[in-house]
Amino acid sequence: MRQYRIRGQNRIEGELCVSGAKNAVLPILAALCLNESEVVIHNCPRIADTFVSIEILRDIGCKVSFVGNTLTVDASGDLKHNIPDDCVTKMRSSILFMGAMLARNGRVNLALPGGCKLGARAIDMHISGLESMGAIIKAEGNRLYCEAPMLKGEEIEMHTVSVGATENLMIAAAKAKGETVLKNAAQEPEIVDLARFLNGLGADIRGAGTSTIVINGVKRLCPRDSHRIMPDRIVAGTYLVAAAITAGEIKLTGACPRDMLAVISGLKKMGCRVLTTDSTIALQAPGRLLALPRLVTEAHPGFPTDMQAQFVAALSVADGRSTLRETIFEKRFSHAEELRKMGADIVLSDNKQFFTVYGKKTLYGTTVEAHDLRCGAALVLAALAAEGETIVTQAQHVERGYEHIEKDLAALSANIRVESSAASSEQPYLSLVAG
Ligand code: UD1
């Protein structure tokens with residue numbers, strides 16, 4: 001097992017360059033299957049989920065090299081249609097290989113996806129959307145068997161705003177015959193990045209970033225240029241909260257503040273001074289944060305669910321009573337129980353969607369468990385503010401989404417180190433780093 005050992009109450013101070021976005025690189029790595037030659041992707045974060053996607057690409061027959069943050073993928077050979085089970089169950093976004101491989105090969109078999117356990121996380125719209133485009137999808141036990149001799153364009157209205165379903169259908173539609181119109185599409189910046197990537201291969205996608213996306217299928221995709229992954233707005237937000245929760249001061253470079261307006265607005269309401277340019281964010285925190293009377297997670301451009309846990313950590317030490325409502329995932333609350341172990345006063349409603357946080361002057365170090373990626377990030381943040389030493393176990397969840405959070409935070413004056421127990425044969429992803 002890997003764990004973080006953190007001695008709290010050091011002020012976070014300094015400058016940091018934001019890494020490439022996990023939620024942008026993962027759909028792009030799936031979409032690479034559509035391309036029939038070599039593509040170069042810059043600014044790829046070296047996180048566990050990237051390595052799982054690379055493992056899938058290699059397993060199905062792509063040639064991949066990953067040097068520094070530059071990934072080169074050659075998908076020109078024959079690709080297999082079985083996606084390896086252990087990868088799919090590790091990472092929910094592997095469902096995106098469904099649309100990609102149907103468009104590429106007309107066939108794909110895969111297990112039902114895993115990922116953070118945040119609730120039901122249905123995939124009905126992925127399936128019904130692809131079916132309406134002509135795919136035949138059979139579910140047997142824990143597996144999906146999918147075939148589509150030819151995908152055709154269709155008008156698809158989604159009943160819920162879903163990032164993954166929008167991406168899956170957009171990828172499939174890029175090579176479908178005719179026009180696909182996606183209505184009630186997700187508007188997340190990562191969808192814009194995926195459209196930019198696919199259009200760079202010669203796809204014809206308009207409207208990404210709005211609720212209606214129009215895709216005219218093309219016969220072949222071939223790269224005109226390399227692609228640079230957009231900055232990770234959740235990593236950026238997490239480091240801003242690190243400074244906020246420790247009465248610190250930070251400057252982020254290589255960021256995209258216009259994609260983070262709801263988070264920046266929340267931080268300002270908590271009393272932080274935030275100044276932005278096109279690609280930088282500077283934050284200066286007050287001596288003590290202010291409570292937020294009402295924060296609600298929403299699809300973009302609303303406040304992101306992926307920042308909910310980190311804000312709950314910050315509000316745990318804010319001055320006053322805050323309320324927060326989670327509307328995207330029904331089970332995103334595991335951090336509340338762990339933060340309580342550190343002395344936080346958080347009351348959850350019966351349905352676990354409403355949080356009332358009574359800010360305490362301080363939290364206290366103890367051993368807590370990262371149940372999922374953002375839960376882990378929130379615990380690391382709380383530990384930075386807490387009195388004494390905190391151990392955050394199950395660090396591998398955090399490594400799914402942060403390139404090296406311990407190095408970044410240590411460079412910003414935090415007292416943090418990552419440890420592995422002697423029994424650990426872990427680091428399952430590092431074996432994939434080479435080549
Ligand atoms: C993506 C992000 C994740 C983020 C989430 C919401 C990636 C790799 N992950 O996850 O970090 O927390 O968006 O911003 O980009 N739903 C259905 N039917 C479906 C699909 C989804 O009902 O077919 C529901 C889900 O149960 C959930 C909601 O839609 O309640 C939003 O989920 P979705 O946007 O699909 O999340 P992901 O794409 O899994």
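I began with Ile328, where a polar backbone atom lies 2.7 Å from an oxygen atom of the ligand; I count a polar contact as a pair of N or O atoms within 3.5 Å, and within protein one must be able to donate a hydrogen and the other to accept it, with residues adjacent in sequence counting only if both atoms are side-chain atoms. I then noted that the ligand taken alone exposes 750 Å², of which the protein buries 87%, the accessible areas coming from the Shrake-Rupley method with a 1.4 Å probe and, for residues, only the protein chains shown counting as cover.

I kept in mind that this is a predicted model, in which local features need pLDDT of at least 70 and side-chain atom pairs count only at pLDDT 80 or more, while totals for chains, interfaces and linings use all residues. Residues are numbered from 1 along each chain as its sequence is written, and side-chain values use heavy atoms, with hydrogens and water left out.

I listed the shell next, taking a residue as near if one of its heavy atoms lies within 4 Å of the molecule. The ligand is surrounded by 20 residues, with Arg92, Asp124, Ser162, Asp306 and Ile328 the closest. Helix H5 (124-132) and helix H6 (163-173) each supply at least two residues of this shell, and H5 gives the most, with three; helices here are DSSP runs (H or I, at least four residues) and strands likewise (E, at least two), numbered from the N terminus.

The peptide bond from His300 to Pro301 is cis, with omega near 10°, and Pro301 is found in the loop between strand S17 (295-296) and helix H10 (308-315). Asn184, in the loop between strand S10 (179-183) and helix H7 (189-200), has a positive phi, near 60°, in a residue other than glycine. I flagged both entries because most residues other than glycine have a negative phi, and most peptide bonds are trans.
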